[in-house]
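Student: Could you take a close look at one part of this model with me, and then walk me through a few other spots?

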Number of protein chains: 4
Amino acid sequence: MPLSPEQTAEIEELRSTPQPTLRATVPGMEAHLYKAHDVLDHGFVRVIDYMGDDAAICQAARVSYGKGTKSVQNDTGLIRYLMRHWHSTPFEMCEIKLHVKLPVFVARQWIRHRTANVNEYSARYSILDREFYIPAPEHINAQSTVNNQGRGGLLEGEEAARVLEYLKADSTRAYDHYEEMISQDGQDGLARELARMNLPANIYTQWYWKVDLHNLFHFLRLRADAHAQYEIRVYAEEICKIVADWVPAAYGAFEDYRLGGANLSATAIDCIRRIVKGEVVTQETSGMSKGEWREFEGVIG
Amino acid sequence: MPLSPEQTAEIEELRSTPQPTLRATVPGMEAHLYKAHDVLDHGFVRVIDYMGDDAAICQAARVSYGKGTKSVQNDTGLIRYLMRHWHSTPFEMCEIKLHVKLPVFVARQWIRHRTANVNEYSARYSILDREFYIPAPEHINAQSTVNNQGRGGLLEGEEAARVLEYLKADSTRAYDHYEEMISQDGQDGLARELARMNLPANIYTQWYWKVDLHNLFHFLRLRADAHAQYEIRVYAEEICKIVADWVPAAYGAFEDYRLGGANLSATAIDCIRRIVKGEVVTQETSGMSKGEWREFEGVIG
Amino acid sequence: MPLSPEQTAEIEELRSTPQPTLRATVPGMEAHLYKAHDVLDHGFVRVIDYMGDDAAICQAARVSYGKGTKSVQNDTGLIRYLMRHWHSTPFEMCEIKLHVKLPVFVARQWIRHRTANVNEYSARYSILDREFYIPAPEHINAQSTVNNQGRGGLLEGEEAARVLEYLKADSTRAYDHYEEMISQDGQDGLARELARMNLPANIYTQWYWKVDLHNLFHFLRLRADAHAQYEIRVYAEEICKIVADWVPAAYGAFEDYRLGGANLSATAIDCIRRIVKGEVVTQETSGMSKGEWREFEGVIG
Amino acid sequence: MPLSPEQTAEIEELRSTPQPTLRATVPGMEAHLYKAHDVLDHGFVRVIDYMGDDAAICQAARVSYGKGTKSVQNDTGLIRYLMRHWHSTPFEMCEIKLHVKLPVFVARQWIRHRTANVNEYSARYSILDREFYIPAPEHINAQSTVNNQGRGGLLEGEEAARVLEYLKADSTRAYDHYEEMISQDGQDGLARELARMNLPANIYTQWYWKVDLHNLFHFLRLRADAHAQYEIRVYAEEICKIVADWVPAAYGAFEDYRLGGANLSATAIDCIRRIVKGEVVTQETSGMSKGEWREFEGVIG
């Protein structure tokens, strides 16, 4: 249960007081504002604020005075053109601010996307909550045998049970000791900035994260991808749904050109041309390595 | 006259259709939205959108669920603390989008602030307007004799008149030739991407510029400074007024700690300590160069 | 003639004093150091410094203690893998510093690549040289009739002659007036920061530009592309040759996956699958717009 | 013992093969190259590469052809001027690449400095070493009673002993379970990307970190500061010593204007002027809050 009654009450209050504004507004995003979308066992994603909409992308691309929209159809065409030709700056004119609760090991991957603004809950200043990510049984996988940085089949039986037991017991003990060390009950109490070092990477942290739409798309392309670790992918997928409600034309173009698209090398393009002309191309005659050829076959079906 | 009747009509239309929103809104900024604030002879600054307010800075600093505000007084104190201790990330949680019309030589200085999003009117794609910055007579100054990158006293009489005449005549002729070269009347017409090279740096361009509050403050500290070139300083000053209406507490802290503040070296602090203790300190005994000592005297009055 | 005898002498002196270093060195880059590669009529690109080599990319990817190289073949394979899967951070571990002389209108495009360090020659502080880009007759093209931001066929005869005459005469006159205005001969002399506004966008400026290899590749992909304006493309092409000598494996991967590669949409991939299966696909049945289809045909030959 | 014999051998080999180069070299930095400077109980800082020197800062500031140096004295004066007036871009022309081994909770603070390039050892791909930061007894402090994000006096006796015992026992157990979970001995073995979540924040990680001198100074000002957490401050202090050997003039200016300097508010400057004129100023008459006044007293001694 990620939110306490007090937190829910605070959110409800914020949601009950609309104000008039002359800015671009998107009803679909207003419906998301402040609400917590659950992710994993204790995490969430909440939209705190947003700037711009599909029309704002076009307005900036045209550097226009008014709304810059001739018609929704024109805008969609322009947005697809901009996405196709890597004209990224108009997408930077939209901005979103999220409040995210996430395990520390996910936060460590996430923060590698540098072009964003972040305020993280400070464990130097404050005491962390006793909340740890414990994977559901259907997400406890073995190390992949083909991909050094991936996971393979599900663990089962005793092995799976032991993993769960370790994760739970170690988290609990680490947090018990954390509390004991910082306690000022009959002792001085260890500094919080030191005590936190005892906490494992599945503890939850939270932050405000603000990013422009171009950089968000870059994040989503990498993190909503099938190769991303499951625990960050579920956040990316939740954000994808939100973005689809916010800037439907831009999201549509992103889905077509980035998420569902593929980047082909000069060698791969040459192979396609040969195939189209009727030649039978194999890995041996393709000029590609085995790994590349496997990926290429995945693309051309 | 920066805006045509059509442009004014477009702006009026945008200003006449308020929408309800649950986001943080600032009445003082709503009053600015879309309006053109005149700068120089043909330039302007217009607020296109904004995200956040003083409370949003505190909310992010506290990573809080609700509005994060206990009281306006608490917020002001927190904001001053954050500014004083260079905790810059909460200020990054506010964002502003401006439409600016400005001479190219000002744009060239402005763009050196890299942490911002920009869409500039494209002279490859479109035809530039016949609008040039011609300084008012009270802003035609001689080269400074003490500062290699500054200006000194006013030019007068014939010399001033000749400068104005050159600027006007050369702009006019350059634009006439620009138009002639791209004309497709009885000829092919030179590519716009080539023809633009004939236009001088006092021609006006325009762009959408989006920046977070922390980086905007950095820009304003450098460009609203007395040492900044007059032609960019007037833009910075206009933006300062807008920011004061948007985030009054943050702007107040910025004025006290940055705009009106000073950065003292270890040597300068040592001199102050000696002076406070009653010692008479001169440039010779200060350990400072003549230039530094002059600046130091400016600070301690 | 971009370099004066004094400048050439300074460069020669720098080139005559090798020092021992323990850092990664690349003989191919040492041969480039400080030499001016001519670009356009007065411009150049000079390598001032570089950091890293192909092995440094692999060393960082592996976070290894030693040189991190098992064999050149392994390194090439790893580099291709990193490039194919958009693992960009190891490429950021190489850095290059260039001295570039370029027309202002080219500099204005170039500077839009924000993730780089720049020191530009200051026309507030110093006096610009009398050097202007005047296109060679074979680069004076008409506006493209199909691409709003491109150029079409060559201008010829009288029209071409008039363009050249305008560019030359206007540059000369603008510079004459610039010199006259700043002159302190019998007058006060206009401030340089003001006088520069009279100079057209084909005047040459120069800067030191420092960038990491990942961001340089991004720059080269966009600016060495056939759609880039000729006047910036020639700089990009010159830099491509330098990079090929610096990090041959990385440059090879860049050529295959980026320069010569293509980004296909989900729709385009679906069409390829249909074609491979023997279906005849036309624009009408492709699901693509005419513009997209034209680009798609370009890819599959 | 941070380095194994194999690692030491790899480093020795790198240090034994100097190459000739025409680039700027700094003998003081060559002496540092590849050597591990110990920090904390298992950490280190190693210089992997560097670009530029004091002269390169001046060369870029002057956009000059040759070495750009008239004399060392001139250069020092220019560098002090640049630092004093926040001309940051010439400092960006120097770059350093470090290999750092550090506890994860330190890495989490460090990474918040976004303008840098990073390659971290991947715990998805590889197995982490059994190395944990256990504070020395003289660094186990109580929570500060005046500063919510600082530490106070030393913990002693039984309390200190219990803290050490918890940190050691919990680290050991967490790592034992980590090893057990990923083991493929008689079981499938948990994916590394999952198993790592059981490891506490005092485990060591390592990365390659590359940054320009301007951004490094910003990092050092915040992290070598007395208010920074001890465990990151020792890294910053070690880097300070290295930078002093690399760019002595720039480091000297940094020490005077940044590390040892102070930023005074308009209110504080006004107080100094009043004090200099002989007025007795107290917190009550200063216009400052109690916290600000305390800091002000610290500055003026």
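This is a predicted model: local features need pLDDT of at least 70, side-chain atom pairs count only at pLDDT 80 or more; totals for chains, interfaces and linings use all residues.

Now let us move to a helix pair in chain C. Helix α8(C), residues 213-223, and helix α10(C), residues 248-259, have axes that come within 11 Å and cross at roughly 40°. That angle makes α8(C) oblique to α10(C), and the crossing is right-handed. On the α8(C) side, the contact is formed by Leu213(C), Phe217(C), Leu220(C) and Arg221(C), which meet Ala250(C), Tyr251(C), Phe254(C), Arg258(C) and Leu259(C) of α10(C). By type, the residues of this contact divide into seven nonpolar, no polar and two charged.

Backbone angles are worth a look too. Most residues other than glycine have a negative phi. Leu40(A) has a positive phi of about 55° although it is not a glycine. Leu40(A) sits in the loop between β2 (36-39) and β3 (43-51) of chain A, and with a relative accessible area of 23% it is partly exposed. Tyr34(C) also has a positive phi, near 75°; its place is the loop between α2 (27-30) and β2 (36-39) of chain C. At 4% relative accessibility, Tyr34(C) counts as buried, because the cut-off for that class is under 20%.

Finally, consider Phe132(C), in the loop between β5 (117-120) and β6 (141-143) of chain C. Phe132(C) is buried as well, at 9% relative accessibility. Leaving aside neighbours within four places in sequence, Phe132(C) is in contact with Asp41(C) and His42(C), with Ser171(C) and Tyr175(C), and with Leu199(C), Pro200(C), Asn202(C), Ile203(C) and Tyr204(C). Gly278(C), by contrast, is 146 residues away from Phe132(C) along the chain, and their C-alpha atoms are separated by 56 Å.

Definitions and conventions: Residues are numbered from 1 along each chain as its sequence is written. Chains are lettered from A and ligands numbered from 1 in the order in which they are written. Side-chain values use heavy atoms; hydrogens and water are left out. Axes are lines fitted to C-alpha atoms, for helices over the stretch in contact, and angles run from 0 to 180 degrees between N-to-C directions. Helices (H or I, at least four residues) and strands (E, at least two) are DSSP runs, numbered from the N terminus. Angles under 35 degrees count as roughly parallel, over 145 as roughly antiparallel, 65 to 115 as roughly perpendicular and the rest as oblique. A crossing is left-handed if the near helix is turned anticlockwise from the far one by less than a right angle, and right-handed if clockwise. Contact means heavy atoms within 4.5 Å. Ala, Val, Leu, Ile, Met, Phe, Trp, Tyr, Cys and Pro count as nonpolar, Asp, Glu, Lys and Arg as charged, and the others, Gly among them, as polar. Buried means under 20% relative accessible area, exposed over 50%, partly exposed in between (1.4 Å probe, protein chains only).
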